[in-house]
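I opened the structure to look up a few things about its chains. My entries follow the model below.

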2 protein chains.
Amino acid sequence: MNTHDSVDRIWTAALLVIGDEILSGRTQDRNIAQLGIWLNQQGIRLREVRVVADDAAQIGAAVNALRAAHDYLFTTGGIGPTHDDITVDAIAAALGRDVVVHPRARQMLEDFYGTPDAVTETRLRMARVPDGAELIENRVSGAPGIRIDNIFIMAGVPAIAGQMLEALAGTLAGGAPLISRTIGAWVAESEVAELLQWVEQTSRSSQIGSYPFFREGRVGANFVIRSVDPDDIEASASALSAGLIALGVDPKPDGI
Amino acid sequence: MNTHDSVDRIWTAALLVIGDEILSGRTQDRNIAQLGIWLNQQGIRLREVRVVADDAAQIGAAVNALRAAHDYLFTTGGIGPTHDDITVDAIAAALGRDVVVHPRARQMLEDFYGTPDAVTETRLRMARVPDGAELIENRVSGAPGIRIDNIFIMAGVPAIAGQMLEALAGTLAGGAPLISRTIGAWVAESEVAELLQWVEQTSRSSQIGSYPFFREGRVGANFVIRSVDPDDIEASASALSAGLIALGVDPKPDGI
């Protein structure tokens, strides 16, 4: 369950994306957006992301900086069976812990592959965890994710990372979910910049982002109002819509 | 032109992605992959990415850490005309410089909007730069990117950032381009993990990444060989293909 200790307490998380393939551009990351959306639902803000190479020193430095600065740290990538999968070793080293084979992780691999013999030395790499860690379920591939202290070590394949997040849903302490409402308009954002600033400054708690685009040969923008307070979002949306109409612009209540 | 000072010198870059919309999951980032691919072509390695909120302190801390650690720092996002566009002010503060209106940027906006009168106070925000900065051309929107020291400040909209990269192509000192070759196979990566490690260790300079997938009800993987040395890539690809065949696996020479 979510623990609503205090409305004012903002719970924050960081994500560390591990993998040469993201930095080289070979693979389009999908985990930043996936985690950001999931965390909003848990009442936790994704505040920072870092992407680093398959490099133990780089991983260790980022892990130690991010786990200290945030309530939670998630990592994606580098937990498979091949030589470039060094996440568990790098994180254990950063925490000053040994790496051990987790008995239940070994059992999960045996169940997945059918027999103990099929869990070769190489596959057994996927059951290695920092000493003291718990497992995060994964029904797709048999190889579990890992929780150690406030760190959640997940797969890089987005579908598998998504399964691990499903297994974690509702289990982390968080605050009120961050919600948002989008109002669109066929207008250059520079025409309404002062209005946006005024609505944000006069609201109790709303933050307003402006996201311009070029489409169908015209300029437009979506204005995203974010807050934990639904009433305040409604008030800000009303003020913004009225302001747009006063400027001769037609507000689209569900964005464009 | 690229300056090939030394084959051994590895030029590195970092990317700072600025924007609440990336962290909330509302917007799928496209600039990490776009920049990674472009930098490979320039002979520069993207070594680290950070994503931060529209928060001056967070932007400033990341800029100062990354510009010192790498040859180049690129930023995307937060250079539009609205109140949430704080990149220029945050970077100028981090560098200890004033913010000034760049005369040529003002001229570019006047040309784009047709008359000086159309460049309102709000639009003129897009001509503000840290004192001493140069401009990066942008034919899409009239608002230029900014170069200051080893920092390249670009738009968040991927099409506009891409135009700015086109304007910069070939102008940065770099090393030999990193090239890659992909060999695919319908095999679980755990079956060939030792082969991959052996090929990497016995090669002169190749790095091999293993990227598993589930498709058409089967498991497979792509093995990406990366190096600056085309001959070494060919040798590694031959060794890997021969090793796969010896294990009874059919190598797909262009990946799957």
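Basis of the entries. I am working from a predicted model, in which local features need pLDDT of at least 70, side-chain atom pairs count only at pLDDT 80 or more, and totals for chains, interfaces and linings use all residues. Residues are numbered from 1 along each chain as its sequence is written, while chains are lettered from A and ligands numbered from 1 in the order in which they are written.

Helix α9(A). I took helices as DSSP runs of H or I with at least four residues and strands as runs of E with at least two, numbered from the N terminus. Helix α9 of chain A covers residues 230–246, which is 17 residues. From first C-alpha to last it reaches 24 Å, close to the 24 Å expected at 1.5 Å a residue (the expected span is 1.5 Å times one less than the number of residues).

I then checked burial (buried: 20 or more other C-beta atoms within 10 Å of the residue's own; exposed: 12 or fewer; partly exposed: in between; C-beta atoms placed from the backbone). Ile233(A), Ser236(A), Ala237(A), Leu240(A) and Leu244(A) are the buried residues of α9(A). They lie on the same side of α9(A) because they cover an arc of only 105° around the axis (the arc of the directions from the helix axis to the C-beta atoms). Exposed on the other side are Asp231(A), Ser238(A), Ile245(A) and Ala246(A). The buried residues of α9(A) pack against β9 (179–185), α8 (193–202) and β11 (218–227) of chain A; contact here is C-beta atoms, placed from the backbone, within 7 Å.

Domains. The assignment for chain A, of automatic or database origin, gives domain 1 (11–168) and domain 2 (179–246). I found their C-alpha centres 37 Å apart.

The two chains. A rotation of 180° with 0.0 Å of shift along its axis does it, with RMSD 0.0 Å. That is the relation of a two-fold axis. Arg50(B) is the residue of chain B that comes closest to the rotation axis, at 2.2 Å (C-alpha).

The contact takes 43 residues from chain B and 43 residues from chain A. On the side of chain B that touches chain A, β2(B) gives the largest share, 7 residues.

Definitions and conventions. Contact = placed C-beta atoms within 7 Å. Least-squares fit on C-alpha atoms with pLDDT ≥ 70 in both.
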